[in-house]
Structure formats: structure tokens, C-alpha cells
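Dear colleague,

I am passing this structure on to you, and below it you will find my notes on what came out of it. Please read them with the model open beside you.

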Amino acid sequence: MFVILLGGLGGHRFYVNKTGTGLLYILLTILGIAISIPFYFVISFYLISGIFVFIDLIKILLGKFKDKDGLYVISWTENK
């Protein structure tokens with residue numbers, strides 16, 4: 001599953017052509033790592049990104065995740 005392996009980098013968002021939120025996930029993850037390392041923040045952007053990824057995981061498991069066109073993602077493989 002993309003959301004488990006590449007969730008923090010927005011891999012599952014890029015897969016369904018939601019590039020804007022995919023880039024946002026990357027930005028939040030990078031900012032979170034960059035800020036939390038030198039300043040030891042407990043709550044960082046990385047945690048916020050993790051919450052969004054967790055919400056996406058729940059939506060995927062419940063079958064409520066939509067692609068860019070607003071269609072529910074039923075299968076994560078290409079149908080031909």
C-alpha cells in the first residue's frame with residue numbers, strides 16, 4: 001500500500017493525480033524534519049503530516065478515498 005510505505009511523501013496522493021496535496025505532504029514532512037531536529041519540537045509539521053496520512057489510511061480502508069475526478073478508488077491496480 002502506498003499510504004503505508006510512501007504516505008509521508010504523498011505517494012498515494014500522486015498515484016491518484018492529487019499532486020497539490022502530494023506536494024503539501026512532502027513539504028510538511030521536510031519542514032517537520034528540518035524544524036524538529038535542531039529545535040526538538042514535540043509537535044511539528046511531521047506530526048501534522050502523519051495525522052493527514054492516518055486519515056487517508058482510514059478512508060482507504062473504508063473505501064471512501066477519492067481520486068482527482070471525485071471517483072472512489074476501489075482498486076489500487078490499473079484496470080485495462
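From the N terminus on, the elements of the protein run α-α-α-α, which amounts to 4 helices and 0 strands (DSSP runs numbered from the N terminus, H or I of at least four residues for helices and E of at least two for strands). This is a predicted model, in which local features need pLDDT of at least 70 and side-chain atom pairs count only at pLDDT 80 or more, while totals for chains, interfaces and linings use all residues. Residues are numbered from 1 along each chain as its sequence is written, and side-chain values use heavy atoms, with hydrogens and water left out.

Of the 80 residues, 25% count as buried (under 20% relative accessible area, with exposed over 50% and partly exposed in between, using a 1.4 Å probe and protein chains only).

Ser-49, in helix H4 (residues 45–62), is buried at 1% relative accessibility. Leaving aside residues up to four places away in sequence, Ser-49 touches Gly-8, Tyr-25, Leu-28 and Thr-29 (contact means heavy atoms within 4.5 Å). The side chains of Ser-49 and Thr-29 also make a polar contact at 3.3 Å (a pair of N or O atoms within 3.5 Å; within protein, one must be able to donate a hydrogen and the other to accept it, and residues adjacent in sequence count only if both atoms are side-chain atoms).

Ile-51 also lies in helix H4, but Ile-51 is partly exposed, with a relative accessible area of 45%.

With regards
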